[in-house]
Amino acid sequence: MKPQSPPLPFLLLLFIIFPNNITTSLTLPPTPSPTTSPSSSSSSSSSSTLDPTQVRALQSLNIPTSKDPCSQPSYHNATLCDTSTPFRHVISLTLSNCPSDVVLSFTALKSLSTLHSLSLLHCPLTSTTLRLPQELISSLRSFTSLNSLRHVTGAWLSQLQNLTDLTLSNARVKATGPYVILAHMTKLRSLTISNANLTGSLPGHLHSKLTHIDFSNNHLKGNIPTSITILDTLQSLNLSSNSLSGEIPASTGDLISLQFLSLASNSFSGPIPDSISAIPGLVHLDLSSNQLNGSLPKFISQMKNLNHLNLANNNLHGVLPFNQSFIKKLEVFKVDGNSNLCYNHSVLSSKLKLGISPCDKYGMPVSTPSKDSSASDDGSDDDYSDDDEGDGKVKKEHHHGPNKFVLAVAITLSSLVFLIVLMILCSKCCR
């Protein structure tokens, strides 16, 4: 039996009360629920879920959009999107190994003003700097330029005040110093400006949320300010390859969260501060190629987490205070280039090839190793001091014995000659 349709007056009454619902139910086919995944509906186009203006912006950057760029990023580029409706928006964009004709136009960047993260990896841009729309400046939380931007001004970087992560490497930064860039970046946690021709001195004020600082390979001068040594959340500090000078502050030991410390290739002088032993989790310590002097602190061997220790090319002196078990547990250990530093042969074998001489009995480097030092390659663990003393006795007996005998003979002959001459003179006087 064919079901009867509702009376026409009844349908008109429903249409007047619920016009939208009735129209939809009469004209549209069923649609997937909002919780249905895109892959469960073959009829829906994945690219249509992305904001059309952002699709065009991605196309201008040579990013394929035939497939959903958020769920299937290409080999050179990566995008992440949010889950907003009716259109999703790009919140993270990484461009790597870009073609030579890529251009980040102001129009494209304005369409992508929802970005929280922008990374340029080996993307040399045709323009010297980027023009960023204010909406994108406010939205960005992370900015990375690796071998991409050629010239950057401190003023351009300083506008990115909402960043928590800034990485800039292999660019030329024109600024009077880091403070010009960082003065208003109160939210920064990770900071890298390396190989960027940065001049000036380290900033006298840094915000306390920083966990990572890398100013390596620049032209910074002056001392390490207390603004750095009071950062108790700092985990990594790399100031290598600059022109920094003065002594390493004793307050360096206050960096209780530090795991990585590199002050290599500067002009630091003075002793290695004992306070470094107060850093419990330090894994990497590189103080090489400076002018550090004094004896090498024994406390370093008590740092249980240390696996990288480079003290090469300084002016350290005295006896190396480490035993063989400590040195062997390290992945990297370098002390060469310290001409007045030596090792005790009874503690360390020359098989370790430390690049320094063994010590004599006075704790001074042996300039020319004796025959016993070559014998130590066979595993001999005799004390080098005792060997030196024994060799001295042998040389003394061998060298001074003949001299005494010759001297005695000479004295005897001289006496005989003197007596003969005296007797001759006496006989002449008696006549």
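Me: What do the buried residues of H3 pack against in this predicted model?
Reply: The buried residues of H3 pack against S2 and H4. Helix H3 spans residues 52-60, and its buried residues are Gln 54, Val 55, Ala 57 and Leu 58.

Me: How do you know that the buried residues of H3 line one face of the helix?
Reply: Viewed down the axis of H3, the buried residues fall within an arc of 160°, so they line one face.

Me: How far apart are Ser 105 and Ser 60 in sequence and in space?
Reply: Ser 105 and Ser 60 are 45 residues apart in sequence, and their C-alpha atoms are 8.6 Å apart in space.

Me: Which residues make the nonpolar surface patch of about 560 Å²?
Reply: The patch is made by Val 409, Leu 413, Leu 416, Phe 418, Leu 419 and Leu 422. Val 409 is placed in helix H11, residues 384-430.

Me: Why is Val 409 called partly exposed?
Reply: Val 409 has a relative accessibility of 36%. Partly exposed lies between the buried limit of 20% and the exposed limit of 50%, so Val 409 counts as partly exposed.

How values were computed. Residues are numbered from 1 along each chain as its sequence is written. This is a predicted model: local features need pLDDT of at least 70, side-chain atom pairs count only at pLDDT 80 or more; totals for chains, interfaces and linings use all residues. Side-chain values use heavy atoms; hydrogens and water are left out. Patches are made of residues with over 30% relative accessible area and no salt bridge: like charges are joined within 9 Å, nonpolar side chains (Val, Leu, Ile, Met, Phe, Trp, Tyr) within 5 Å. Accessible areas come from the Shrake-Rupley method with a 1.4 Å probe; for residues, only the protein chains shown count as cover. A salt bridge is a side-chain nitrogen of Lys or Arg within 4 Å of a carboxyl oxygen of Asp or Glu. Helices (H or I, at least four residues) and strands (E, at least two) are DSSP runs, numbered from the N terminus. Buried means under 20% relative accessible area, exposed over 50%, partly exposed in between (1.4 Å probe, protein chains only). The arc is that of the directions from the helix axis to the C-beta atoms. Contact means heavy atoms within 4.5 Å.
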